[in-house]
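Please keep the structure in view while reading.

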Amino acid sequence: MARRRIIAGNWKMNMTPSQAVELCATLKDLVKNDDVDVVYCVPAIDIVPVAEAIKGTNVKLGAENFYIEDKGAFTGEISAPMLKDAGVEYIIIGHSERRDIFGENDILINAKVKKAFAAGLKPILCCGESLALRKAGTYKEWIARQIKWDLTDVTADQVKELVIAYEPIWAIGTGETATADQAQEVCKMIRDVIAEMYDAPTAEAVRIQYGGSMNAGNAAELLSKDDIDGGLIGGAALKPDFGKIVNA
Ligand SMILES: O=C(CO)COP(=O)(O)O
């Protein structure tokens with residue numbers, strides 16, 4: 001099955017606009033690879049300068065957040081049509097930092113997934129368990145429930161365009177990576193959930209990433225697994241090492 005690989009950087013709240021342009025220049029030749037989708041998901045203020053900086057390269061533009069209304073009195077927010085107009089293609093939704101720090105729940109996340117598709121953006125939908133759930137052994141049920149909630153009323157054709165990122169919270173920014181077998185187990189389980197909710201062709205088409213302390217040293221092993229189609233990379237996306245992950 002030829003699912004196209006997707007390696008995305010989640011820059012989080014890092015990089016001023018001028019630093020962002022510099023980073024694009026540093027990475028430009030290192031991330032060249034036409035067999036992989038390479039995406040930079042950047043802070044809102046960096047979207048316009050990064051769109052300019054990646055012109056003519058293989059890099060695609062992503063954003064980290066938006067609000068579900070098109071426009072109006074929502075101080076501080078940006079909308080999907082604004083992102084689209086600025087050249088954004090991918091949008092991260094449901095990241096554990098948005099769930100935990102900013103209180104986003106599965107009802108809002110589901111609304112965001114539907115809005116993103118309606119606006120012509122491709123969601124990177126994040127899911128994953130806390131350390132407590134991992135230790136309790138109930139992580140698979142938790143993640144399956146997240147996926148079912150977050151994809152309520154999303155069509156099979158849309159899911160075929162969807163990217164799901166499995167990001168165990170205990171592995172994010174901790175330097176502790178899930179083993180390739182642990183990551184594969186959950187990514188396979190997510191694909192089975194999609195097959196159960198939709199059908200086998202939809203499950204075969206959906207791309208599933210692993211995220212959580214992925215780096216130049218562990219990327220190749222993680223990406224060698226059958227159900228891991230890419231990575232969502234935080235810290236290592238801000239360094240030249242990102243090029244090694246793209247080419248792993
Ligand atoms: O949260 C992540 C990507 O969305 C992972 O972050 P780190 O790669 O820094 O662990």
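A residue is called buried if 20 or more other C-beta atoms lie within 10 Å of its own, exposed if 12 or fewer do, and partly exposed in between. The model discussed here is predicted, and the points below are grouped by topic.

**The loop between β1 and α1**
- Lys-12 is found in the loop that joins β1 to α1, and because 19 C-beta neighbours lie inside 10 Å, Lys-12 counts as partly exposed.
- Met-15 is found in the loop between β1 and α1, and Met-15 counts as buried because 22 other C-beta atoms lie within 10 Å.
- Although Lys-12 is not a glycine, its phi is positive, at about 55°; Met-15, not a glycine either, has a positive phi of about 85°.

**Strand β1 and its partners**
- Strand β1, which spans residues 5-10, is mostly covered, with five of its six residues buried.
- With strand β2 (residues 36-42), β1 pairs in the parallel sense over six bridges, and within this pairing Ala-8 stands opposite Val-39.
- Between β1 and β2 the chain passes through helix α1 (residues 17-27), giving a β-α-β crossover that is right-handed.
- β1 also pairs with strand β8 (residues 230-233), again in the parallel sense, over four bridges, and there the bridge partner of Ala-8 is Leu-232.

**The largest nonpolar core**
- The largest nonpolar core has 77 residues, and the members that touch the most others are Ile-91, Ile-124, Ile-164, Tyr-166 and Ile-190.
- Helix α9, covering residues 180-197, gives the most to this core, contributing six residues.

**Ile-47 in helix α2**
- Ile-47 lies in helix α2, which covers residues 47-53, and it counts as buried because 24 C-beta neighbours lie inside 10 Å.
- Apart from neighbours within four places in sequence, Ile-47 is in contact with Val-42, Leu-61, Ala-63, Ala-86 and Val-88.
- From C-alpha to C-alpha, Ile-47 and Met-15 are 11 Å apart in space, while 32 residues separate them in sequence.

**The ligand shell**
- The ligand is surrounded by 14 residues, of which the closest are Asn-10, Gly-211, Ser-213, Gly-234 and Gly-235.
- Sorted by class, this shell holds five nonpolar, eight polar and one charged residues.

How values were computed
Residues are numbered from 1 along each chain as its sequence is written. This is a predicted model: local features need pLDDT of at least 70, side-chain atom pairs count only at pLDDT 80 or more; totals for chains, interfaces and linings use all residues. A nonpolar core is a set of buried Ala, Val, Leu, Ile, Met, Phe, Trp, Tyr and Cys residues joined through C-beta atoms within 7 Å. Helices (H or I, at least four residues) and strands (E, at least two) are DSSP runs, numbered from the N terminus. Two strands pair if DSSP finds at least two bridges between them. A crossover is right-handed if, with the strands pointing away from the viewer, the path from the first strand over the helix to the second runs clockwise. A residue is near a molecule or strand if its C-beta atom, placed from the backbone, lies within 6 Å of it. Ala, Val, Leu, Ile, Met, Phe, Trp, Tyr, Cys and Pro count as nonpolar, Asp, Glu, Lys and Arg as charged, and the others, Gly among them, as polar. Two residues are in contact if their C-beta atoms, placed from the backbone, lie within 7 Å.
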